[in-house]
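Biologist: Hi, can we walk through this one together? I'd like to start with the inside.

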Amino acid sequence: MSKSELIEHLISNNQNFSSEFSGQGVAGVAAKKLLILTCMDSRVIPHEIFGLELGDVKVVRNAGGQLNPEVENDIVLASHLLNCHTIIIMPHTKCAMASMPLADVQKNLANLTSKDFSNFTPRMIEDADSKLRADVESLQNNTLIRDGVNVLGAIYDVDTGLVNWIS
Ligand SMILES: [Zn+2]
């Protein structure tokens, strides 16, 4: 197997990380009893945004930082077994998932690749604000989630670094 320059770089950095590693004994449950659902966007770095440390928080990511049945199961599980008492759903501004309708995505990908994307249905977000509110409400109303869990919604601003909480 040949490794690209990038992978060699990652391996080297990881060896440095490991040589100074001091996370032995950090518990697998989140120390802050916190879970963040956010987007896979490379501008969103939850630990830095909130000043969190190794072991503090569970992070679930996907395209858009949005609830779907799979993610909802993960969060229900984490609320009970991983002590996550606070859940923050945090999409961000300028998210590609909210930038165009599904039909346009399918058309663009088809043009780009000459492949048929008509059955490809990523969860594009029509209205970011109402989608976030619906996701928060849906999770709050999930009867299987740990009693008393606090579900919050927020939008991370990729231009200012500020998290704007929805009420
Ligand atoms: Zn995004």
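Biologist: Which residues touch the most other members in the largest nonpolar core?

Modeller: They are L35, L37, I75, I87, I89, L139 and V151, out of 19 residues in that core. A nonpolar core here is a set of buried Ala, Val, Leu, Ile, Met, Phe, Trp, Tyr and Cys residues joined through side-chain atoms within 4.5 Å. Buried means under 20% relative accessible area, exposed is over 50%, and partly exposed is in between (1.4 Å probe, protein chains only).

Modeller: Keep in mind that this is a predicted model, where local features need pLDDT of at least 70, side-chain atom pairs count only at pLDDT 80 or more, and totals for chains, interfaces and linings use all residues. Residues are numbered from 1 along each chain as its sequence is written, and side-chain values use heavy atoms, with hydrogens and water left out.

Biologist: How many bridges join β1 to β3?

Modeller: There are 5, and the two strands run parallel. One example is T38, whose bridge partner in β3 is M90.

Biologist: OK, the metal now. Which residues are the protein donors of the zinc ion?

Modeller: C39 (SG), H92 (NE2) and C95 (SG), at 2.0 to 2.3 Å from the zinc. Donors are N, O and S atoms within 2.8 Å of the metal (3.2 Å for Na, K and Ca); water is not among the atoms, so sites may look incomplete.

Biologist: Why does the pair C39 and H92 tie together parts that are apart in sequence?

Modeller: C39 sits in strand β1 (residues 34-39) and H92 in the loop between β3 (86-90) and α4 (102-113), so the pair links parts 53 residues apart in sequence.

Biologist: Is C39 buried or exposed?

Modeller: C39 is buried, at 4% relative accessible area. H92 is buried as well, at 6%.

Conventions:
Helices (H or I, at least four residues) and strands (E, at least two) are DSSP runs, numbered from the N terminus. Two strands pair if DSSP finds at least two bridges between them.
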